[in-house]
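Please keep the viewer open as you read.

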Amino acid sequence: YLVGVGRADCTGPVAQVPLMGYANPDQVGGGLLSRLYSRAFIVADLEDSKRVVFVSADIGMVSQRLRLEVLKQLQSKYGELYRQDNVILSGTHTHSGPGGYFQYTLFWITSKGLVRPALSSMVNGIVKSIEIAHNSMRKGRLFINRGTVENSQINRSPFSYLKNPASERSRYSSNTDKEMVVLKMADEDGHELGLISWFAVHPVSMNNSNHLVNSDNVGYASYLFEQEKNKGALPGEGSFVAAFASSNLGDVSPNTRGPFCVNTGESCDNPQSICPIGGAAMCMAKGPGSDMFESTRIIGQNIFLKAKELYEKASQEVTGPLSSAHQWVNMSNVSVELNATHTVKTCKPALGHSFAAGTIDGVGAFNFTQGSVEGDPFWDQIRDQLLGEPSNETKACHKPKPILFSTGEMTWPHPWHPDIVDVQIAAIGSLAILAVPGEFTTMSGRRLREAVKSEFDSHGTPGMNIVIAGLCNVYTHYITTYEEYQVQRYEAASTIYGPHTLSAYIQLFRGLAKAIALNATQDLPRGPEPPLFNVTSVTLLPSLSAENAPAGKTFGDVLEEVRPEYQEREVAEVTFVGANPRNSAENATEHNFLTVERYSNISSSWRVVLNDASWDTRFYWSKGSRGQSNVTIEWHIPAGTEPGTYRLRYFGHYKKKVSLFRTVTVPFEGSSSAFQIT
């Protein structure tokens, strides 16, 4: 094949923008732990007649708006080379990245609307990563390997999983998919280019009390792999690209110690995830570490070590033709033939009561509980008054789900949920990547993979490796099995197209697989095109106004100095007169907020040893009154740090008033005093 890889920053604003994932309105950005990247991989056949692009971006999920804008830009750059059918965009599902990049109204509520700077940095980062991959294409080879990852996941809805038939469950040793699939890429001289790993785990090691933008456990795995392969390069630099992509992670948590009551310490591993005192709001799962930062590293390192082992031993070469198939489908109205006599339908989108309960990884508000199969008259009354009552047809279609929000019947100011959804498969020789638009549970993913495999088998393409890539192209929440749907825990309440959603997807993906196997993708109907709403920017974010430094100080001055000396495993910390980090995101696509620098006696100069993409540095912004704010930079000095003289530097932009109606953005910097590491 011809192979190209690329990586580009897609972080966006790290302050004031709500983080996407837990739907907690209090969880807004307040700094940076690690940068977010888009990682792109392009494979073409040697005649260059066919191409496939796979992108994994460190974001919560790919939204329809994001996908449509990326494809528009690709079309203006490359014409018909990169299209709806051969470009897969997948989100890692970190819950610590900026929100605000959606066009459907439901997501505006927790994201404070459509935040153009967040959307733009994602669009630009994804396009740039594809561009870098496009420009680095060369002859190469692909290898696939698979193995088991231990101690890194639990099923967070085991009571739902147990509703699946015993005969089906008995075929599997675990209630999560422990298998990791690794695709290794090298050029024809054996020079290493990169890898993609697919593994099912929620990147929620960082919980909903976190305010620092970061890529969570899978992002830490990418960081470790890239740091190891790009020796001597700063984080985020170097040519080797390692993507840890999402899969069927719907009911899979990395918080391996399981659910405990925060107030009493007892287990709350029960069908409703409730605590005797304090109810559901007190039930939270714990990761393996002493805090969320350590848990993130432990899980990330587990995933990294297994990927490294599989990568180094990968010897099964991937060969064969390239193919891609894509359709748009109106998911609110799909007829599914279950068998010769029985046809069922999907529903207009709606969320159930247990959606508001959240999960043991991030609990909801107002003490809603999981597993509600009956509505609550109090909340139903409020909903009817504010948003309108669901129609009888929608209620009947979603049974036994008690509907909290009938989003498919809510259209002001725009529809609240998508109807038109992407289904897509890209085949690279014996590897088929199923791009699914949401979060399939463990058993849903197993059923989908099995159905697609048997479809390939029965049309003369046996032995395909089937991989699910999660959170692709448009976000439609969860997809549970019909049996899991009956107990209405969070994942089921969030299966928005009703009890037969999975059956509909299985039917659709079978159709795509058949078209690929029979080389008939050109005959697939394109389906109804999704809408692109005319929203430029609707946001409740505070506006960026002129800023001030305290009396007698200027931007970048030190307020609290570092100590003169530190040892490894201590934290060097400095606080500066700061400015809103959003100024920087809106002025430079690749702004670096901080550096750790070491003094070199040989060259008598300072050398940058770390930047803000490092997992050892933390950048905190806190807003004060009267247009003032502070920035604190921490360096968690790792074991093995070379002794010597160091300093911490800060780079920012502040807004300055130049006339009654005009402000300009002014760059500034600050530095700590020098300190010793002994």
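The buried residues of helix 7 are Met292, Phe293, Ser295, Thr296, Ile299, Gly300, Ile303, Phe304, Lys306, Ala307, Leu310 and Tyr311. Buried here means under 20% relative accessible area, exposed means over 50%, and partly exposed lies in between, using a 1.4 Å probe and protein chains only. An α-helix has 3.6 residues a turn, so residues three or four places apart point the same way.

Before going further, a word on the source: this is a predicted model, in which local features need pLDDT of at least 70 and side-chain atom pairs count only at pLDDT 80 or more, while totals for chains, interfaces and linings use all residues. Residues are numbered from 1 along each chain as its sequence is written, and side-chain values use heavy atoms, with hydrogens and water left out.

What do the buried residues of helix 7 pack against? Their partners are strand 9 (138-148), strand 11 (179-187), strand 12 (192-198), helix 6 (216-229), strand 13 (241-245) and strand 36 (617-623), where contact means heavy atoms within 4.5 Å. Helices (H or I, at least four residues) and strands (E, at least two) are DSSP runs, numbered from the N terminus.

Helix 7 covers residues 292-313, 22 residues in total, and its first and last C-alpha atoms are 32 Å apart. That is close to the 32 Å expected at 1.5 Å a residue, the expected span being 1.5 Å times one less than the number of residues. At the start of helix 7, aspartate 291 places a side-chain oxygen within 3.2 Å of the backbone nitrogen of phenylalanine 293.

**The cysteines**

A disulfide is a covalent bond between the sulfur atoms of two cysteines. Taking a disulfide as a pair of cysteine sulfur atoms within 2.5 Å, the count comes to 3.

| Pair | S to S distance | Torsion about the S-S bond |
|---|---|---|
| Cysteine 261 and cysteine 275 | 2.2 Å | -105° |
| Cysteine 268 and cysteine 283 | 2.1 Å | about 90° |
| Cysteine 347 and cysteine 397 | 2.0 Å | about -90° |

The link of cysteine 261 and cysteine 275 is left-handed.

The disulfide of cysteine 268 and cysteine 283 is right-handed. Cysteine 268 sits in the loop between strand 15 and strand 16, cysteine 283 in strand 16, and the two are 15 residues apart. Both cysteine 268 and cysteine 283 are buried.

The disulfide of cysteine 347 and cysteine 397 is left-handed. Cysteine 347 is in the loop between strand 20 (343-345) and strand 21 (351-352), and cysteine 397 is in helix 9 (residues 392-398), so the bond joins parts that are 50 residues apart in sequence. Are these two cysteines buried or partly exposed? Cysteine 347 counts as buried at 2% relative accessibility, whereas cysteine 397 counts as partly exposed at 25%.

With bonded cysteines counted along the chain, the disulfides follow the pattern 1-3, 2-4, 5-6. Cysteine 10 is in no disulfide, and the nearest cysteine sulfur, that of cysteine 472, is 15 Å away. For cysteine 472, too, the closest cysteine sulfur is that of cysteine 10, too far for a bond. Cysteine 10 is buried, with a relative accessible area of 1%, and cysteine 472 is buried at 0%.

Why is strand 26 (residues 431-435) largely enclosed by the rest of the structure? The reason is that 5 of its 5 residues are buried. Leu431, Ile433 and Ala435 cover one side, with Ala432 and Leu434 on the other.

Strand 26 pairs with strand 25 (residues 420-428) in the antiparallel sense over 5 bridges, pairing being defined as at least two DSSP bridges between two strands. In this pairing, isoleucine 425 stands opposite leucine 434. The two strands form a hairpin with 2 residues between them, and glycine 429 in the turn has a positive phi of about 55°.

Strand 26 also pairs with strand 28 (residues 465-469), in the parallel sense and over 5 bridges. There, alanine 435 has alanine 469 as its bridge partner.

Technical notes: Polar contact = N/O pair within 3.5 Å; in protein donor to acceptor, adjacent residues only side chain to side chain.
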